[in-house]
Amino acid sequence: MTRRKSDVFQSSRPVARAERVTRRLFLKQGLAASSTLVMPVVGIGASVSQAPDTPPPMKPLTSPGLPFSNYGQPSPHEHRVIRWISANPMAPANGVSWTPLHDLEGTVTPNSLHFERHHNGVPQLDPARHRLLLDGMVERPLQFSLDALGRYPMVSRLCFIECGGNSSAAWRRQPLQAHAGYFHGLISCSEWTGVSLATLLAEAGADPQAGWLIAEGADAAGVSVSLPVPGIIDHALLALYQNGERIRPENGYPLRLVVPGWEGIVNVKWLRRLKLASEPLMSRYETAKYTDLLPDGRARQFSFPMQVKSLITRPSVGFNLPGPGAYEISGLAWSGKGRIHRVEVSVDGGKSWQSARLQEPVLPACLTRFRAAWRWEGVPAVLVSRAIDENGEVQPSRDALLAARGEHSRYHYNGLVSWLVRGDGAVEHVYL
Ligand SMILES: Nc1nc2c(c(=O)[nH]1)N[C@H]1C(S)=C(S)[C@@H](COP(=O)(O)O)O[C@H]1N2
Ligand SMILES: [Mo]
């Protein structure tokens with residue numbers, strides 16, 4: 001079933017009686033009641049669930065429920081929580097589908113909602129016949145069946161994959177009004193499990209002179225990418241599992257390359273060949289595509305790690321705040337170069353900032369959930385988040401990003417994202 005953005009509307013259900021609760025919270029923390037941003041969140045949920053106008057709990061059922069199922073499905077009440085598909089009807093195999101970040105919580109993306117980027121559709125591969133060829137500058141060219149790969153020691157990495165083209169609509173002059181996930185949701189986070197690249201390169205006897213690894217997919221898009229071996233040898237893996245189950249067909253079944261924190265395209269799906277070489281291939285996917293045209297007319301190439309970035313997911317476009325009172329601001333931060341060190345949140349369009357609470361675990365190249373308690377006064381407020389990673393890199397303002405990169409980029413947008421909460425509680429995307 002293909003459902004479009006217009007069918008999807010998400011509204012928040014903030015807490016009842018929030019005003020009183022918030023005042024109590026302020027007193028508890030010894031803060032002035034005029035303050036609008038309160039950290040950390042304590043006790044709001046418990047107090048609210050006691051509110052006197054809450055309907056009494058439903059009676060337990062007296063007849064049996066539905067029987068067991070072989071493979072679980074979400075509640076039918078959650079049918080609006082879907083990937084939104086953007087593809088050209090004339091070439092439906094080339095396009096994207098977006099993770100609904102605005103509908104999700106925590107940091108792990110359910111497999112059925114992992115974003116998709118296919119250049120020429122999802123190949124139907126038979127795992128019994130699939131092989132991985134490892135050749136080029138090696139002592140022993142090797143070919144692996146999946147059974148053979150499964151006998152090597154495995155490793156797991158909880159990490160994000162982000163398309164280089166994520167958030168690209170933010171390069172436009174006018175702020176696009178779209179749900180957070182249907183704008184910034186070409187990022188998903190999974191636990192990937194498989195065999196480390198280092199293990200296989202050692203097995204084949206990689207030539208130390210081979211500086212580049214060329215990875216090729218088995219789909220009909222001719223995807224080949226070149227990766228610098230020293231940059232990936234310690235963290236790349238050949239993944240067989242995604243959040244504990246076999247990788248989904250759309251995410252690379254039965255085998256994909258995962259390079260934690262590096263741009264989407266190098267995470268080659270339906271992996272069929274790894275070739276060691278002394279030079280990069282200069283394929284279409286690292287020349288005509290996935291390069292960034294700079295203001296001086298040159299193009300930036302091989303910009304692998306995704307830059308530090310963050311985004312408030314709740315509230316965001318599509319939410320309607322029903323009235324003044326206590327809300328939690330919740331969002332995601334990430335950096336392809338390491339851990340998130342700090343996330344700052346502003347409710348006044350960047351005039352003042354306070355540190356948000358980072359939810360554990362905080363892992364390198366992984367989505368990190370941040371939270372900040374907020375009391376909305378019922379007047380317009382501009383919410384912004386700003387992430388800083390462990391290398392001290394700071395998420396830039398949109399103006400700073402445009403000044404550095406010019407206006408002809410299509411990839412690697414990591415500027416600040418601002419949401420205007422209007423006086424009537426609706427949320428709009430604005431540029432500062
Ligand atoms: N073989 C192959 N690998 C591929 C692609 C593809 O079209 N074919 N798309 C790439 C791009 S551009 C991205 S962003 C990621 C998307 O991974 P996902 O579809 O699992 O989210 O896969 C990359 N690997
Ligand atoms: Mo991508």
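Predicted model: local features only at pLDDT ≥ 70, side-chain atom pairs only at ≥ 80, totals over all residues.
Student: Which polar backbone atom is 3.1 Å from a nitrogen atom of ligand 1?

Tutor: One that belongs to Asn267. That is a polar contact, meaning a pair of N or O atoms within 3.5 Å; within protein, one must be able to donate a hydrogen and the other to accept it, and residues adjacent in sequence count only if both atoms are side-chain atoms.

Student: How much of the accessible area of ligand 1 does the protein cover?

Tutor: The protein covers 100% of the 530 Å² that ligand 1 has on its own. Such areas come from the Shrake-Rupley method with a 1.4 Å probe; for residues, only the protein chains shown count as cover.

Student: Which other residues have polar atoms by an oxygen atom of ligand 1?

Tutor: Phe115 has a polar backbone atom 2.6 Å from an oxygen atom of ligand 1. For His114, an N or O atom in the side chain is 3.2 Å from an oxygen atom of the ligand.

Student: Which strand gives the largest share of the shell?

Tutor: Strand β4, residues 116-118, with three residues. Strands here are DSSP runs (E, at least two residues), and helices are H or I runs of at least four, numbered from the N terminus.

Student: New topic. Is Gln242 buried or exposed?

Tutor: Gln242 is buried, at a relative accessible area of 0%. Buried means under 20%, exposed over 50%, partly exposed in between (1.4 Å probe, protein chains only). Gln242 lies in strand β11, residues 237-242.

Student: What does the side chain of Gln242 touch?

Tutor: A polar atom of that side chain lies 3.1 Å from the backbone nitrogen of Arg248. A polar contact of 3.2 Å joins it to the side chain of Asn251.

Student: Where is Trp270, and what is its phi?

Tutor: Trp270 lies in the loop between β13 (256-258) and β14 (271-277). Its phi is positive, about 50 degrees, although Trp270 is not a glycine. At 2% relative accessibility, Trp270 counts as buried.

Student: Which residues does a cis peptide bond join?

Tutor: One joins Arg314 and Pro315, with omega about 0 degrees. Another joins Glu360 and Pro361, with omega about -5 degrees.

Key: Residues numbered from 1 in each chain as written. Chains lettered and ligands numbered in written order. Heavy atoms only, no water.
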